Amino acid sequence: KIVGILKPNEDAAANMTKELLDCDNIPRLIVILMVVGVMAGLSEEMFFRGGILVTLLQRGHYHVMVWTTAIIFSAIHFQFFGFVPRMLLGAWFGYLMVWSRSLWVPVIAHTLNNSMVVVCSYMGHAGVNHMDAVDRIGVDSPWLALASAGATIALIVVAKQFFSKKIEEILKMLQDEFGVEKNDDKYTSNPKIKFKNDSKDFNLH
């Protein structure tokens, strides 16, 4: 019954997305890339991660707040059949911001994700690939799905280690040059960057 209620809205949203991504020439592709890829990626990250997540981080543990923001991010799209994948994507963007302490990292990741969808859609219209085949990747080939999952986990581990190392290097430099205090951090696994006489716990750059 619930599926029957939600399906018309899902179909309408899917048709609207299909029309938005419908392009068969390079000029239109560039315009859609700017709108869907760059502008949507930038504005959504400024709102969800730069606004909601940064605000929530002042009120609780970063794991809880990253996932809370991811749930809000997915729910606001009103496409509930894709709720879980979009929530996972939102959590990935959230962790990228927390680990790197930079809003630009999830902005770039979000922009690349959206741009890939636009390019795949264009290639489908150009006959380079078939969108149904793209949608069924991992369904017809379980081994490919497992390989994708493994690659995703590896990327997450590498990203966390990379940004953790960078934060440690920045902290050491700030301690040597400016006398930065090193305190326990409830937001990340890294020490908190806190200047003397500065009450701010989480700063984006």
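1. Read along the sequence, the elements of this protein follow the pattern α-α-α-α-α-α-α-β-β, which amounts to 7 helices and 2 strands. Here helices (H or I, at least four residues) and strands (E, at least two) are DSSP runs, numbered from the N terminus. The model is a predicted one, in which local features need pLDDT of at least 70 and side-chain atom pairs count only at pLDDT 80 or more, while totals for chains, interfaces and linings use all residues. Residues are numbered from 1 along each chain as its sequence is written, and side-chain values use heavy atoms, with hydrogens and water left out.

2. On the protein as a whole, buried residues make up 33% of the 205 residues, where buried means under 20% relative accessible area, exposed means over 50%, and partly exposed lies in between (1.4 Å probe, protein chains only). The protein exposes about 12500 Å², and carbon and sulfur atoms supply 68% of that area; accessible areas come from the Shrake-Rupley method with a 1.4 Å probe, and for residues only the protein chains shown count as cover. Of the contacts (heavy atoms within 4.5 Å) with a separation of 6 or more, 60% are accounted for by residues 24 or more positions apart.

3. The aromatic rings deserve a point of their own. Rings of Phe, Tyr and Trp (its six-membered ring) pair if their centres lie within 6.5 Å, and planes under 30 degrees apart count as stacked, over 60 as edge-to-face and the rest as tilted; by this rule the count comes to 7 aromatic pairs. One of them joins Tyr 62 and Tyr 95 in an edge-to-face arrangement, with 6.3 Å from centre to centre and 90° between the planes. Since Tyr 62 lies in helix α3 (residues 62-76) and Tyr 95 in helix α4 (residues 83-100), this pair ties together parts that are 33 residues apart in sequence.

4. What does Thr 69 contact, leaving aside its neighbours within four places in sequence? Thr 69, which has its place in helix α3, is in contact with Phe 48, Arg 49, Ile 52, Leu 53 and Leu 56, and it counts as buried because its relative accessibility is 0%. Ile 52, found in helix α2, has contacts with Phe 47, Thr 69 and Ile 72 when neighbours within four places in sequence are left aside. Ile 52 and Met 65 are 13 residues apart in sequence and 9.1 Å apart in space, C-alpha to C-alpha.

5. Helix α4 has 18 residues and reaches 26 Å from its first C-alpha to its last, close to the 26 Å expected at 1.5 Å a residue, the expected span being 1.5 Å times one less than the number of residues. Its buried residues include Gly 90, Gly 94, Tyr 95 and Trp 99. Arg 101, in the loop between α4 and α5, has a positive phi of about 60° although it is not a glycine, and it counts as buried because its relative accessibility is 2%.

6. Helix α5 (residues 104-125) has 22 residues and reaches 31 Å from its first C-alpha to its last, close to the 32 Å expected. Among its buried residues are Pro 106, His 110, Asn 114 and Tyr 122. Val 105, also in helix α5, counts as partly exposed because its relative accessibility is 21%. Not counting residues up to four places away in sequence, Val 105 touches Leu 96, Ser 100 and Phe 163.
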